Amino acid sequence: MHATLHLSSQRPPRTRDSDGPDGTPSPPSMSSVACSEQSSDFEKRARMRFEVDYPAAARDNGVNVGLSSPEHWANLGAALREAGRYGEARTAFREARRSAPQDLESALGLANLEMECGRYQHAYDMLRVALDMLPERLDVRIHAARACYELGKLKRAKSLVEGWPQWVLDSDLAVELSAVLIQIGKVRAGLSLLKTVPDLSRIDTHVLAGLASALTQAGRLKKARHCLALLPSPETIHSP
């Protein structure tokens, strides 16, 4: 899941501290100046490095880090994540969250990033924010169940995927749910669901790797080897 691209040409309104005794604006505090400079410095460095190294991605994702709305920070985080710049992507998503704590797309973007990096508690914290807003969203429930499994919260993981036979899923989500079902002990159900996926070679790399791991844990080594054979060569995969 990527943050939705939404660009705006307006800058946020400037704010000022309380006026001085003579009615003139007081200068901003040193802490606010430092925070502003740090944020601006990150924006400039991220823009320069990203546009130089990944000009096509920057253009296609509509990145404009000169505008500091939550949408633009989320856009930047999604683009940097795609480019494998995980640390910078995390910083961008956190800036979006700081500006708008209840923004769904930035929460999901950060959750996806943390899941890929194996930081499951951080991912679950963001997924809980999303679940509070959209408790019936299937992709969020599946990702939250996976995070709960990794955290040892098996009962919670099972409750999140109750009623799954009635869900309508695309291939990627079907594979993700299959892996979760296998991990929480519903191996037959997971394998049955996996049979409904027509072409595993079209599945997202991270999703396929997760399925291979689940199959290995369940002792289904032949199927796990088949999944691993479909993965791209290691040098083409970004490492968190």
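Trainee: Which way does H4 pass H5, in a left-handed or a right-handed crossing?

Mentor: A crossing is left-handed if the near helix is turned anticlockwise from the far one by less than a right angle, and right-handed if clockwise. Here H4 passes H5 in a left-handed crossing. Helices are DSSP runs of H or I with at least four residues, strands are E runs of at least two, and both are numbered from the N terminus. This is a predicted model, where local features need pLDDT of at least 70 and side-chain atom pairs count only at pLDDT 80 or more, while totals for chains, interfaces and linings use all residues. Residues are numbered from 1 along each chain as its sequence is written, and side-chain values use heavy atoms, with hydrogens and water left out.

Trainee: What describes two packed helices?

Mentor: The angle between their axes and the distance between those axes. Axes are lines fitted to C-alpha atoms, for helices over the stretch in contact, and angles run from 0 to 180 degrees between N-to-C directions. The axes of H4 (residues 86-99) and H5 (residues 104-116) come within 9 Å and cross at roughly 150 degrees. H4 and H5 are therefore roughly antiparallel (under 35 degrees is roughly parallel, over 145 roughly antiparallel, 65 to 115 roughly perpendicular, the rest oblique).

Trainee: Which residues of H4 and H5 meet?

Mentor: Contact means heavy atoms within 4.5 Å. On the H4 side, Tyr86, Ala89, Arg90, Phe93, Arg94, Ala96 and Arg97 take part; their partners in H5 include Leu110, Leu113 and Glu114. As for spacing, an α-helix has 3.6 residues a turn, so residues three or four places apart point the same way.

Trainee: How do H6 and H7 pack?

Mentor: H6 (residues 120-133) and H7 (residues 138-150) pack at about 145 degrees, their axes 9 Å apart. H6 also passes H7 in a left-handed crossing.

Trainee: Is Arg85 buried or exposed?

Mentor: Buried means under 20% relative accessible area, exposed over 50%, and partly exposed in between (1.4 Å probe, protein chains only). Arg85 sits in the loop between H3 (70-82) and H4, and counts as buried because its relative accessibility is 13%.

Trainee: How many residues of H10 are buried?

Mentor: Six of the eight residues in H10 (residues 187-194) are buried, among them Val187, Leu191 and Leu194. The buried residues of H10 pack against H9 (171-183), H11 (205-217) and H12 (221-230).

Trainee: And how many helices and strands does the protein have?

Mentor: The count is 12 helices and zero strands.
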